Amino acid sequence: MKPYLLLFGMLLGHVAYSQIDKQIFNNVDKISSIEREVHRKKFRERKETTRLGTSENFDVKYYRTRWEVDPTVKYIKGEVTIYFQMTAAGNKVTFNLRDSLIISSIKNNNQPLSYSRENSSFEVSLPMTLQAGTLDSVSIYYEGKPPLSNFGAFEISNHITDLSSTPIMWTLSEPYGSSDWWPCKNDLTDKADSIDVYIVHPSIYKAASNGLLQSETLIQAGKTATHWKHRYPIASYLVCFAVTNYVQLTDHVTIGNSNVLMQTYCYPESTGAFQAGAQKAISAMIFFSNLFGDYPFKKEKYGHVQFEWGGGMEHQTASFMGGIDEGLIVHELAHQWFGDKVTCANWSDIWLNEGFATFLSRIYFEDKDPQNKLVYRNGVKNLITSKPDGAVIVTDDMYDLARLFDQRLSYYKGSHLLYMLRWILGDATFFTAVKNYINDPALAYGFATTNHLKGHLEAASGKDLTYFFDQWYTGQGYPSYKVEWSPSGNSVDVKLSQTTSHNSVSFFQLPVPLLFKNSVTAEQKLVVLDNTSSGQVFTENLGFTADVVEFDPEVWLITKNNVLTKISGPLPVVFVSFKAECNDGLSRLTWETSEEVNAHYFEVQKSSDAVSWKMIGAVNAVGDSKIRNVYAFVDTSVGSEKGYYRILEHDRDGKTQQTRIVVAECNVSAQSEVTLLPNPVGQCMQLNVSEQITEPISIYIYDISGVMRQEGPVSSEQKLINVSKLSPGLYLLKWTSDNQKDSGTVRFLKE
Ligand SMILES: [Zn+2]
């Protein structure tokens, strides 16, 4: 959904792309804060207090609804038949209906059933206990005047666009309003597999709803029954109808192998604008289908339905539109994939609906209007960072609509999380992962959580993204960078330090893009620094001497107040390289400095998870030097497995700076089919060879400096090796089968 109250969204969404007014973006902070206040005020009265509950012993299969309405009167009389399947044995089922609506009867096979009501739920007593798996149905006969709730779940008004003030009635149930006007299971756990909607209304009007129009039947003088049929799974809040003097417009678009119906229901006075709007939706539908898979409801239709609400609502196959501007068209269409096909599994994850719809809209307009990409991205970034706090996840109050639909957090910060993931993973991996997510059979036409999305991003990239979601999804705020850089011939030394705007996150781990330039020769190079800790120092070869640097030139990251300082002298220690190699089963670290000022020693740190670190050794620094110095350190710690390493340089004056993190995988035992016993060894040890290796074996024993100390064949029977001549210490035993097919390395300690 996209309320128009979010004026800033309008500015970004369409003004920005039709007539770019750069002034708008200079005033973004001001506009957004004014708007937020309007927005909050407006919703303050709309804080929902109704807590909904249904029993969990059934699964809704199908709704058949018959609603009798007149758009001049705010009143509904209805009959809703709910088909359900028991998921546990029981003789009671509980549904939702607002207590201000009157239930006249509830029936099963035409037999009245007893029921009890409590708040916004009612419990139906079934004629007998039903076993799990049993299909049954109940029909609820009810009527009344729905209350003002949510965003106005059931409303009447008049066209503001015509002088005769034609009446209109519409529904808009998101998030909690379905049961304010019809009995259903009003939650985010259970989609009905299909629905049939019958609307009985004055014949001078037309009724729009989900799915395909089946019939418009005159049932009595002046009364028409309009039948809509929808055969895709649907959440209760996406079920809708609207009644007024609609004009129906028809278009078609080819998506995949399907000729998809595009059906518009607009006011007679708005025909021209909605005709043009349909063409815009068609362009966007092709764009999104290419990126995320075919339009999800292509066997039926997509449609715009005009209504009198400030904004739009992504009702499944029938987006309700308060206007027909392109930003709104694209946003509501995007929801058909993100929101309708895959629906957030709880409202705390509403960014899976709104962040994605905003993201899709942004990439659509960036594709269409690339020259304004950066203006737009900066506007979004400034809005997100207009406050120092705020998480994407909704944890405080799920019934606070102003927070749920907070534009800064659920819409724009949510969408920019996706930009950052694109930047971290690369477009190919990111879009593959998102396509896998939206088409995952376990999620498609069902519900998803942020963890489902995270799982797909991790599966496609092979990366653990827990840190990212901790920092950006549950964490609050953003980083501010201090970039100190010093050109040195054709290379540049950079020290990256960071503070954060909110104490929920002490450090944001990001690949930081810096664009170095030579303003005379116009040479430039984008350098991406894999920033894993504050104070990290990098040396990058540019191939030219830089005199200018630009931070994050394409605005991938959410940051603010970055300070870039060119340092004339060298950084205390300039690291030229730092690497880890796996050498005969041991991690060998080497690093090189090109300059040192007042350096004391290098502390070697190791980690198994790149989060908690321990010191495993120290190497003295030359101290003050203008020439290259090479340092090395061998990690002899037993059981090294996968190791992360970094070097912390200590100055004599107590300052420190650290290198980037490198990784070495020296999992000796895993690659070996031979073990040694005993280990540590005294005089003699035995080789245990796995059964797959039948060939004779030769062994070579090296000390840790790499010098071979012993070699020879191993007796095929006893496989005993006498090592009595070796000095105490750590050794590596390399072995190869005589046919050269198998080989490996085993480490042992001589006592
Ligand atoms: Zn939306």
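Biologist: What is the order of the strands in the open sheet of four strands?
Modeller: In this predicted model, local features need pLDDT of at least 70, side-chain atom pairs count only at pLDDT 80 or more, and totals for chains, interfaces and linings use all residues. Residues are numbered from 1 along each chain as its sequence is written. Strands (E, at least two residues) and helices (H or I, at least four) are DSSP runs numbered from the N terminus, and two strands pair if DSSP finds at least two bridges between them. The pairing in this open sheet is antiparallel, and the order of its four strands is E42-E41-E44-E45.

Biologist: Which strands are the edge strands of this sheet?
Modeller: An edge strand here pairs on one side only.

Biologist: Which residue is the bridge partner of Tyr731 in E45?
Modeller: Strand E44, residues 729–737, runs antiparallel to E45, and eight bridges join the two. Within E45, the partner of Tyr731 is Phe748.

Biologist: Why does H6 count as roughly perpendicular to H9?
Modeller: Axes are lines fitted to C-alpha atoms, for helices over the stretch in contact, with angles from 0 to 180 degrees between N-to-C directions. The axes of helix H6 (residues 351–368) and helix H9 (residues 407–425) come within 7 Å and cross at roughly 70 degrees. Because angles of 65 to 115 degrees count as roughly perpendicular, while those under 35 are roughly parallel, those over 145 roughly antiparallel and the rest oblique, H6 is to H9 roughly perpendicular.
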